[in-house]
Amino acid sequence: MEGNMITALDFHEGVELRETSMSIQDDLEEANMMTRKTSVAPFVLAFNNLTYGINTSREMTFRGILCRKETQAITSTPSNRKMLLNDISGEAREGEILAILGPSGSGKTTLIDALANRISKESLGGSVTMNGETLDPGVLKMISAYVMQDDLLYPMLTVKETLMFSAEFRLPRSLSKAKKMERVETVIDELGLRDAAKTIVGDEGHRGISGGERRRVSIGVGIIHDPILLLLDEPTSGLDSSCAFMVVKVLQRIARSGRIVIMSVHQPSPRVVSFLDQLIFLSLGETVYYGSAANLSPFLSDYGHCVPENEDRTEFMLDLYRELERVPGGTRSMVDFNKSWHKKLNHLSNSEYPTGLDQSLKEAISRGKLIYGGNGPTSFANPLWVEIIVLVKRSLTNSKRIPEVMMLQIGLALVLASIFGSVFWHLDKTETGVQERIAFFAFMATTIFFGCTDLLAACFEDKYIFVRETAYNAYRRSSYVVYRSIIDIPVLLVVSMILASITFWSVGLDGGNSGFAFYYFVIFASFLAGHSVVTFVSGLVSNIVLGYVVVMPAIGLFLLFSGFFIHRDRLPSYWIWYHYISVVKFPYQAMILNQFDRPDLCLIEGTAEPVKSCLMTGLDIVRKQDATDLNKWNCLWITLCMSVFYRILFYLSLLFGSRNKRK
């Protein structure tokens with residue numbers, strides 16, 4: 001097989017797909033050249049009697065709110081069970097495309113998820129084997145790739161950069177940069193992306209590559225490590241007929257180079273069907289046809305529904321059993337007829353390959369070692385520190401091409417600091433001035449924490465890509481958590497300096513240079529803690545709307561129990577615990593102590609002669625604000641510790657909430 005791989009890769013060098021320069025006949029001739037096999041038996045992925053249902057007695061679950069939506073029901077059975085897959089069997093061979101067809105709700109994505117080990121073993125009945133052997137989940141991750149329906153890519157990276165960063169994750173550190181680049185160039189040619197290699201991916205606000213090219217880039221990210229098995233969930237969805245044709249033509253080229261390709265498709269055009277080797281038509285979770293595209297017309301003829309002249313056979317098939325679905329039990333006869341008709345064809349099965357199975361699976365693992373460097377199926381291609389560096393480098397490369405985001409943050413900090421400084425300009429040392437200083441500290445802490453919520457959108461954009469990439473061991477969850485913890489630090493240092501330097505002198509705060517330095521560190525620590533809270537919420541819930549629903553009231557409650565609105569000694573005993581977990585309490589109290597916790601500070605002097613007395617000292621304000629339980633340095637360290645604590649919670653939320661498996 002290694003010789004087969006080299007032949008395929010050598011053949012691909014210099015090949016460039018062009019939509020207008022290559023006919024279907026040329027493609028078929030090229031495919032025939034690619035299908036020349038060595039003496040090694042081809043890989044065969046077989047799935048037998050796959051059955052999966054869900055309990056619909058509950059309409060909403062706590063997990064559904066926090067992690068993912070419950071799967072929609074397809075058909076009902078007694079005892080409140082909905083069957084999404086019902087006794088589905090078939091096989092996919094190396095060098096071929098197996099297409100799963102059917103209308104929305106037929107079970108296409110569920111079957112893809114079952115083959116990709118995205119359904120828990122306790123819920124899925126049946127078996128999935130490779131050449132007769134059950135696939136271990138670790139081995140499956142090693143030798144397969146799953147391309148989701150949505151193209152989750154960084155918009156400001158070029159096509160070549162996107163694939164290169166994927167190679168940095170999936171290919172081992174022992175492989176030289178030149179070898180990785182060579183692999184990227186091969187994939188670019190394989191996918192027909194040479195003309196778009198230096199174009200950014202783009203998004204709604206930035207013009208980039210076309211929809212069909214985006215889909216091919218997503219496929220490239222999946223195959224960069226040369227997997228045996230490629231699974232795709234509706235790769236032609238949302239594309240026009242020309243783009244869909246090009247995507248499937250690329251998939252045929254990938255299959256012919258020595259891979260198993262399994263894809264779901266909603267309603268393919270006749271040109272697309274010409275590239276498909278095997279078809280499975282699903283209706284309400286059951287198989288109504290399984291076989292080649294060429295045998296579909298004879299099947300329908302034997303079933304008693306001949307395909308009319310000049311009508312597409314796949315569209316006729318879809319329309320036929322959609323009509324039958326409207327009648328209770330209408331597709332049962334077609335399901336039973338497919339089973340009997342398929343047996344008469346006497347298709348080859350895995351049992352006819354009794355020899356060389358262990359060797360074939362070992363060869364699959366050997367091909368997978370291109371990623372793992374031979375360290376085993378549960379390992380990663382690179383050490384943790386390399387993953388962190390690549391994650392940071394990718395994010396910085398994406399961010400530097402949209403400098404307006406960083407400039408907006410800095411500009412907003414300048415505006416807010418100027419407003420604060422002008423409103424609280426040079427507060428005097430009177431009782432009213434003291435109260436205004438305290439209000440300023442509370443408002444500063446509130447602004448910082450509420451301002452951190454703008455991170456939520458970026459966190460969710462990152463999270464969706466993270467879920468896709470870590471599903472197949474591109475990098476560790478811990479690497480992602482560390483990366484998310486450090487990526488915003490440079491901007492926070494600048495923003496904190498702007499807020500501290502403008503407000504400290506304009507408001508007229510005391511303490512000199514040491515007081516200013518501590519004030520700056522408190523603001524910076526507050527930003528870190530606020531970002532940690534928002535990041536944790538992004539890992540806890542499933543979408544950005546729920547994120548705002550959770551994070552805004554949470555910060556509001558933290559402010560309520562911070563000690564500004566009601567002092568600690570006035571809180572009911574059953575709420576005192578919330579005062580000490582309030583992430584706003586500690587930076588707010590640190591600012592008060594930094595300003596007032598000095599024995600020699602006299603705020604209001606008496607008028608008696610000849611020796612003036614002090615009517616209000618800084619310590620009086622500290623006692624009045626009930627800020628005597630901790631000193632300012634303890635408050636600063638606790639703020640930093642809470643930042644770390646919420647990052648740990650973020651890791652746990654990803655560990656238990658991003659497994660991306662159905663129950």
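Among contacts in the protein between residues at least 6 apart in sequence, what percentage join residues at least 24 apart? Here are some notes for a first look.

1. The answer is 77%, where a contact means heavy atoms within 4.5 Å. Before going on, keep in mind that this is a predicted model: local features need pLDDT of at least 70, side-chain atom pairs count only at pLDDT 80 or more, and totals for chains, interfaces and linings use all residues. Residues are numbered from 1 along each chain as its sequence is written, and side-chain values use heavy atoms, with hydrogens and water left out.

2. On the overall make-up, the protein has 26 helices and 13 strands. Both are DSSP runs numbered from the N terminus (helices are H or I with at least four residues, strands are E with at least two). Of its 663 residues, 54% count as buried; buried is under 20% relative accessible area, exposed is over 50%, and partly exposed is in between, with a 1.4 Å probe and protein chains only. The accessible surface comes to about 28,900 Å², and 58% of that belongs to carbon and sulfur atoms. Those areas come from the Shrake-Rupley method with a 1.4 Å probe, and for residues only the protein chains shown count as cover.

3. Now have a look at α17 (431–451) and helix α22 (residues 544–560). Their axes come within 10 Å and cross at roughly 160 degrees; axes are lines fitted to C-alpha atoms, for helices over the stretch in contact, and angles run from 0 to 180 degrees between N-to-C directions. α17 and α22 are therefore roughly antiparallel (under 35 degrees is roughly parallel, over 145 roughly antiparallel, 65 to 115 roughly perpendicular, and the rest oblique). The crossing is right-handed, that is, the near helix is turned clockwise from the far one by less than a right angle, with anticlockwise being left-handed. On the α17 side A442, T446, F449 and F450 make the contact, and on the α22 side M552, I555, G556 and L559. By class that gives 6 nonpolar, 2 polar and no charged residues (Ala, Val, Leu, Ile, Met, Phe, Trp, Tyr, Cys and Pro are nonpolar; Asp, Glu, Lys and Arg are charged; the others, Gly among them, are polar).

4. T453 sits in the loop between α17 and α18 (455–470). With 8% relative accessibility, T453 counts as buried. Leaving aside neighbours within four places in sequence, T453 is in contact with V534, Y548, V551, M552 and I555. M552 and I555 also turn up in the contact of α22 with α17.

5. V583 is another loop residue, placed between α23 (576–581) and α24 (585–596). V583 counts as buried because its relative accessibility is 1%. Not counting residues up to four places away, V583 touches F449, A529, V533, F558 and M642. Its C-alpha atom is 8.0 Å from that of G530, 53 residues apart along the chain.

6. L296, S297, F299, L300 and Y303 of α11 meet R313, T314, F316, M317, L320 and L324 of α12. Sorted by class, that is 8 nonpolar, 2 polar and 1 charged residues.

7. Lastly, E168 lies in helix α6 (residues 159–170). E168 is buried, at a relative accessible area of 17%. Beyond four places in sequence, E168 touches K177, K180, N382 and V390.
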